[in-house]
Amino acid sequence: MKTRKERIDRGIKARAQDIFALCSWREMLYLAGPRLLPVVICLLLPLILGVYWQKVLMSVAVFAILAISWDILAQSGMISLGQALFFGTGAYCSGIMNHYWGLSPLLTLPLAAICGGLISTLLLLPVLRLRGVYFSMVTLIIPLMLVRVIEATKIFGGTEGLSGMDPLPSAGFELYLIVIVLLAVLFGFRRLMDSDYGLVLKGISDNDRSVINAGINIYWFKAQALFMAASIAAFAGAFMTHVYMFVGMPVFALDYSILPIAAAVVGGPGTLAGAVVGAFILVPLSEVLRGIGGLRIVFYGIFLVVCIVALPEGIFHYMQRKYHQIERWVEVEK
Amino acid sequence: MSAPLLETIRLSKSFGGVQALNDVSFTLKQGELLGVIGPNGSGKTTLVNLITRFVKPTSGKVLYRRNPIHHLPPHKIVRLGIARTFQMVRPFYQLPAFKNMIIPLYSPRAKALVGGRYGDRDAMALDLLEEVGFERDSFVAYKPAGVLPQGYLKRLELAKAIALQPDLVILDELFSGLSLAEVSSIVPIIEKMRIQGKTIIMIEHRLRELFRIADRVIVMNYGSKISDGPPNTVMEDEAVKCAYLGSETDSGD
Amino acid sequence: MLTGTIIYAIINSAILALIAIGFNLTFGISGVANFAYGAFYVMAAYGAWMLIHMAHLPYPLAVLISISVTTLSGALMYRLVIVRIKGQTLSEVIATFGIGLAVLELFRYFGFVGFEYTLPVFYDKSFIIAGAYVDAQRLLIVAFAVALIIALWLFTHYTHLGLAFRGIAQDERTALTFGMDPDRIASLAVSFGAGLAAIAATVIIPLGSISPEEGYDVLIKALAVCIIGGLGSSGGVIIASVVVGFAERFTDSYIGSHWTMIVSLAALLMVLVIKPSGIFGKQKELEERI
């Protein structure tokens, strides 16, 4: 008797479509549960974690935001190997605004996000017209070059960087700010990518000729996606500047470029939630692995390769599938 | 005397050493249905690519309503009211058929159709698909585009072009790969477009079906235009007979 | 001073050209952007070092083995990893990047950092040319670069495989209709690239020391030169190497060594603004890619 695996949607999934979701508590819970649970956990965690793990949570949130930013770009057909570019630009913008102009952190954070986004977008505008690989290459090199430029010209503090920034009102405020921003970014952009606008972006990634043929200026849309993704990454950078009260060359480090990619790829590219899941896994893991030093990055590298080749769908997709569908073995009909 | 809707003046394109299009000039009047025929490789699709500027002309001009458009980016040309279908249909395979319509409906050109920013594109998509023959009660429009047969895919392409409310529609080998029955069912849709006042250019290999509906035909061979006129006259032309002699003649089905 | 600067500029250009050629070749032929390129470079150097100092093999043999092993690793990487994901840009980029990263950081972890890690020079002597001191190794680099470029030219114009490479680089589809196996060619392209990186490493490393940082540096330089010159165009890479080489060197002599990277960055940005596909770039802009 030959068998094959069959996957069918759970009954409740069909029942909970559209307006019928409001039919019963069970259906509403089915839909709302997976969304509410992480939100509640994220909001409660700061209260129950010790100081050390709070810092880890903050790191998770920052990298999750960077990973979401990467995922947005990837869905729009731009693969960024340099999230550090956006992160660092935002960090320096807010550092400069605070250090030289004395603006308060509550002002510099949003301003640096926008400025950082703008500068990064302008830098990358020319390569949007070319093959995707160019975008990857340029995003890879520019932060690395910027590090050397800063080192050489000693602008903005050079190798010592700028220190003595104003801190944010309190540690609790810091943590909740970044967690809330993360949740807002996650749900907001998920909504955006699921909407018709997001469909256009995904269309550009899949078959740009078709989108041009619809009279849509794909470069304008790509630039928009770039700006949005760069801005949220810049925000993360600006945020960290005020947490550490310091900004220097390390903000352009490869770490900020690689870990978001790893997180998104492991968690599941194409679903912003996957990026967050990936961050939640990888960042604490890297903390635990801190003992082995540089081997961490080796681990990331190998992990990345294995994931992209063997499990392209990612962990989030896998979880989603399990949640929505049941699998069973059925006899093969003759 | 009304001005021609579209004019090409000595349009040429060379790809490296290959002269794909050589000095092609023709005019198109409002409301005409122009056929473009010729053996494979004669430059028909290149001509369309040049008109819609997916490819830059090496020399020559394209005038739309007396205005030059050959330097405009392709999306702007679409916004002026020229829509085209592609010979090789590539929908978004994973998406349901009607979702494939969302992108054309997102175009600025389709905004009026959809009803502004908050219009319902999904509903409009289903309506448009019904117009091209996606039977509503069979839920064909909801199936992923990847499972649809060629006939439906071609209709989807057509619907995507219609969604842009064009004045000039260029159909690149719409009938290819379709059975006689499928072609017969699409022809009324084209007729309806003509009644609505649209001007149509059709590149086709299937001469019998094309000649029934075309007002005028131009014949291409090796990148040059070798004949221009009503279908019957053109087929009597010695040059045209020469071009088709020996090459695969179209058997129609 | 001027002649000295020019001489060193030529040397610098030669170095850049040697570094960039391998990357450019791989991309031009197979379309694979090998982000593990820097890792291959460093791997060859460390490999040779280990063979010399730990296996006590004579220098020529060590170098030969190291270059061969690196070349084979390129093929291995292709067969194990890239072939499964070929064509998906995202996966290719991430995978090669991940591999390069893992390799480089592995070396760093095992402590291969320090001045003792270097390869011997070929000929320990200095010459005076037009009033400037130039050591033999540097002259050798220039000679080597020129020789390599000529050899590659001859290869791609007169050997079967070389012609196949050129064919695929020009028009992949047509080349395939001639019965070439795309996987085999791509695998060869990647190994060639890796091998060229290894050769470059052998000649250039003696100027300094081996370090994982070199891997990133090499990748940046290769990318920058290729972008400026135009990915896939050998002529472009050569011209770009000369342009950047001279620009860097003159900046170093007349303005200050700290400004060299800025000049490179500025050159890159300028190219991106004026002609993003590079000086001789054949990367067609979107509209032309129908």
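Select helix α1 of chain B: α1(B) lies across β3, β6, β7, β8 and β9 of chain B and runs at about 150 degrees to β7(B). The model on the screen is a predicted one.

**Stop 1: the sheet under the helix.** Now select the strands themselves. An open sheet is made of 6 strands of chain B in the order β6-β7-β8-β3-β9-β10, and its pairing is mixed. The edges are taken by β6 (82-84) and β10 of chain B; each has a single partner strand, so one side of each is left without a neighbour in the sheet. On average, neighbouring strands of this sheet are turned by 15 degrees against each other, direction ignored.

Pick out β7 (residues 168-172) and β8 (residues 199-203) of chain B. These two run parallel and are joined by 5 bridges. To see one pair, select B:Ile170, whose bridge partner in β8(B) is B:Ile201.

**Stop 2: strand β9 of chain B.** Select residues 216-221 of chain B. Why is β9(B) described as largely enclosed by the rest of the structure? The reason is that 5 of its 6 residues are buried.

Look at the two partners of this strand in turn. With β3 (residues 33-37) of chain B, β9(B) pairs in the parallel sense over 4 bridges; B:Val36 has B:Ile218 of β9(B) as its bridge partner. With β10 (residues 224-229) of chain B, β9(B) runs antiparallel, and 5 bridges join the two. Here B:Asn221 stands opposite B:Ser224 of β10(B). The hairpin of β9(B) and β10(B) has 2 residues between the strands, and B:Tyr222 takes a positive phi near 50 degrees there.

While a strand is selected, show its side chains. In a regular strand they alternate between the two faces of the sheet.

Stop 3: Return to helix α1 (residues 44-51) of chain B. The helix also lies across β1, β2 and β4 of chain B, running at about 65 degrees to β2(B). Select β2, β1, β4 and β5 of chain B, in that order: they form an open sheet of 4 strands with antiparallel pairing. Its edge strands are β2 (18-28) and β5 (67-68) of chain B, and each pairs on one side only.

Next, select β1 (residues 6-15) and β4 (residues 59-64) of chain B, which run antiparallel and are joined by 5 bridges. One place to look is B:Leu6, which stands opposite B:Tyr64 in β4(B).

**Stop 4: from chain B to chain A.** Show the place where these two chains touch. There, 14 residues of chain A are in contact with 16 residues of chain B. On the chain A side, α8 (196-206) and α9 (208-212) each supply at least two residues. The largest share of that side comes from α8(A), with 5 residues. The chain A side divides into 6 nonpolar, 6 polar and 2 charged residues.

**Stop 5: helix α5 of chain A.** Select residues 105-124 of chain A. At 1.5 Å a residue, the 20 residues of α5(A) should span 28 Å, and the end C-alpha atoms are 27 Å apart, which agrees. Buried residues of α5(A) include A:Pro105, A:Leu109, A:Ala113, A:Gly117 and A:Leu124.

Why does A:Met97 count as buried? It has 22 C-beta neighbours inside 10 Å, where 20 or more are needed. A:Met97 is found in helix α4 of chain A. Leaving out residues up to four places away in sequence, A:Met97 touches A:Leu103, A:Thr108, A:Leu111 and A:Ala112. The C-alpha atoms of A:Met97 and A:Leu109 are separated by 9.5 Å, and the two are 12 residues apart along the chain.

**Stop 6: chain A against chain C.** Show both chains. Contact here involves 38 residues of chain C and 37 residues of chain A. On the chain C side, α3 (59-85), α4 (89-109), α9 (212-229) and α11 (260-274) each supply at least two residues. α4(C) gives the most, with 15 residues. The chain C side divides into 27 nonpolar, 7 polar and 4 charged residues.

**Last stop: the largest nonpolar core.** This core has 279 residues, and those touching the most other members include A:Ile65, A:Ile68, A:Ala279, C:Leu18 and C:Ala45. Select C:Ala45 to finish. Apart from neighbours within four places in sequence, C:Ala45 is in contact with C:Leu119, C:Ala201, C:Ile205 and C:Ile210.

How values were computed:
Residues are numbered from 1 along each chain as its sequence is written. Chains are lettered from A and ligands numbered from 1 in the order in which they are written. This is a predicted model: local features need pLDDT of at least 70, side-chain atom pairs count only at pLDDT 80 or more; totals for chains, interfaces and linings use all residues. The expected span of a helix is 1.5 Å times one less than its number of residues. A residue is buried if 20 or more other C-beta atoms lie within 10 Å of its own, exposed if 12 or fewer, and partly exposed in between; C-beta atoms are placed from the backbone. Two residues are in contact if their C-beta atoms, placed from the backbone, lie within 7 Å. Ala, Val, Leu, Ile, Met, Phe, Trp, Tyr, Cys and Pro count as nonpolar, Asp, Glu, Lys and Arg as charged, and the others, Gly among them, as polar. Two strands pair if DSSP finds at least two bridges between them. A nonpolar core is a set of buried Ala, Val, Leu, Ile, Met, Phe, Trp, Tyr and Cys residues joined through C-beta atoms within 7 Å. Axes are lines fitted to C-alpha atoms, for helices over the stretch in contact, and angles run from 0 to 180 degrees between N-to-C directions.
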